[in-house]
Amino acid sequence: MQPRHASTLLSQALELPDPADQPGPPGEDIECPPPGRFGFMFPNLQNQNEEFLLPTGPETVKALVALGKTMIDKEPSNPAFDTQIPSVYTYFGQFIVHDMTFDPGADRLYYEDLDSREPLLEAKINSLENPRSGLLDLDSVYGPILENEKCTRVPVRPNGTMRVDAAGEGIVSGTDLPRVNARPAKARISDSRNDENLVLSQLHLAFLRAHNVVVKAGASFEKAEAMVVRRYRRLVTQDFLPKFVTPGDIKWVQENKIFNPAENEYFLPVEFSAAAFRFGHALIRSKYLYNTFRKTVELQELFMLKMIDEYSHILEDWVIDWKEFLPGGVNVGRNLAPRLVEPLARFLDKPVTVKVNGVEKKPILSLAVIDLLRGYYLRLPQAQFVAKELGVDPLPAAEIEKVAAEVSADQVKALQESGFSSHTPLWYYIMAEAGHPDLGKGRRLGPVGGRLLAAVLLEAERRSTNPGVMEDGWDPILGAENGFDLAVLIDHAKI
């Protein structure tokens, strides 16, 4: 059956395919930029006695796995657990993460290795390289493409516009990312993770098209890049951040400067990358109203091509209808709490084995378990000690268990049996704090998660530079900066 065209979902301003949009060979090799690095926001919690960390050993690992397996949203269709935050911000958070970091703990975890694997040494974590700069510079869009330890340019047309493709069997240009000819037709973008689900893929495409709109208005490639990056930073700190962090916590960060590395010694804290910025996993829905033709889309359908590594051009009836993801649309994020929808928490954690160096192993696929174990392996301090560093009175064990009880009795039991109620993994604590009725109330981060998130994003913005940008205020199409948000960006991108 031929795919139905979704052209009615697109602006009439979209043009027919340009011959230059046809996928081509990889770009030229270029010198890779110097990598960023990781480190600890609170190195004083990394002493030799490890008194501030979770206990090291197989019993802790077993307890983390048990706790992660209880973090299940058992009522994923219950509207009582919805926020009012449009789902575009769920995926924009993922987009920001990919722009700032390649997670050093992102290697696949296997159940068979858990007993023998130990946390990394502090010196090892401090020496970990971040292929991203850790700043808000959109190198996930503007490149370079990092693949097989080589760097190549992202595909750009001679006129300075970013190369985009038409959806498979489609006639409308700019409905898909630029892809290679051969199968699997992987996207030729700086960060391949931005093609791991359809919503994120279409959001990346919106940034490519926003750049092209500015070029077509008369800007050079460099000027358009500078303008889009400048607006991106505003989206992060003025649009995204206030939706999840209270004004009081943002003000506290601005006044206290808890994250302020010396000049030329900037790094991305693992307390941020492995804990605070993983709150968005709770926002993900199990189903979405995707567009006119895809009334109800299961979450796993958005990830299926990534899972089997069979990338191809999307079909036109899979072009996203952004109005359902923006303010006023049907799709909103789930409440922030220590639970994830089943396709992330449990559904995918089925008996699957893979061969690793000739040995069959079972990968851990539960995202909650992975998040908890990464924090352990990256030496994240217990949340109670981090709270004190942030000027916050830690939640008593009984209050953490009260939040857990809203999820399940099994989660309370897992906390009590492990002692995690009073010696809490940082990521879990941030999720429990967000779900506490007197703190995040399910709608925002509490003070520990909020201050960690704000501290890094605001410092990343402060240190990000655009040499020679907008001295003359040239901005013919994106309009006033005041009030610029994701809805405005996507409207300009005409997706």
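Two strands are taken to pair if DSSP finds at least two bridges between them. The legends below describe close-up views of a predicted model.

**Figure 1. Pairing of strand β4 with strand β11 in the antiparallel sense.** Strand β4 spans residues 82-86, and β11 spans residues 332-334. Two bridges join these strands, and one of the residue pairs places P86 with its bridge partner V332 in β11. Strand β4 is mostly covered, with four of its five residues buried.

**Figure 2. The open, mixed sheet of β5, β2 and β8.** The three strands follow the order β5-β2-β8. Strands β5 (129-130) and β8 (268-269) are the edge strands, and each pairs on one side only. Strand β2, residues 36-39, pairs with β8 in the parallel sense over two bridges. Within this view, G39 stands opposite P269 in β8.

**Figure 3. The open, antiparallel sheet of β1, β7 and β6.** The order of the three strands is β1-β7-β6. Strands β1 and β6 (145-147) stand at the edges with a single partner strand each, so one side of each has no neighbour in the sheet. Two bridges connect β1 to β7 in the antiparallel sense. Residue D29 is placed opposite T152 in β7.

**Figure 4. The disulfide between C32 and C151.** A disulfide is a covalent bond between the sulfur atoms of two cysteines. The model contains one disulfide by the distance rule applied, and the sulfur atoms of C32 and C151 lie 2.0 Å apart. The bond links distant parts of the chain: C32 belongs to the loop between β1 (29-30) and β2, whereas C151 belongs to strand β7 (residues 150-152), and the two cysteines are 119 residues apart. The torsion about the S-S bond of C32 and C151 is about 115°, and the disulfide is therefore right-handed. The two cysteines may also be described by their accessibility. C32 has a relative accessible area of 32% and is partly exposed. C151, at 3% relative accessibility, counts as buried, the cut-off for that class being under 20%.

**Figure 5. Packing of helix α13 against helix α14.** Two packed helices are described by the angle between their axes and the distance between the axes. For α13 (residues 397-405) and α14 (residues 409-418), the angle is about 150° and the axes are 7 Å apart. This angle makes α13 roughly antiparallel to α14, as angles over 145 degrees are placed in that class. The contact is made by I400, E401, A404 and A405 of α13 together with Q411, V412, L415 and Q416 of α14. Helix α13 passes α14 in a right-handed crossing.

**Figure 6. Packing of helix α2 against helix α6.** Helix α2 covers residues 88-100 and helix α6 covers residues 221-244.

Figure 7. Residue I430 counts as buried, at 0% relative accessibility. With residues up to four places away in sequence set aside, I430 touches A275, A276, L445, V448, G449 and L452. Among these residues, A275 is 155 residues from I430 along the chain, while the C-alpha atoms of I430 and A275 are separated by 7.7 Å.

**Figure 8. The position of G174 relative to R209.** Residue G174 is found in the loop between β7 and α5 (198-216). G174 counts as buried, with a relative accessibility of 0%. G174 and R209 are 35 residues apart in sequence, and their C-alpha atoms are 7.1 Å apart in space.

Notes:
Residues numbered from 1 in each chain as written. Predicted model: local features only at pLDDT ≥ 70, side-chain atom pairs only at ≥ 80, totals over all residues. Heavy atoms only, no water. Buried < 20%, exposed > 50% of the residue type's maximum accessible area, 1.4 Å probe, protein only. Disulfide = S-S within 2.5 Å. Axes fitted to C-alpha atoms, helices over the stretch in contact; angles between N-to-C directions. Parallel < 35°, antiparallel > 145°, perpendicular 65-115°, else oblique. Left-handed = near helix turned anticlockwise from the far one by under 90°. Contact = heavy atoms within 4.5 Å.
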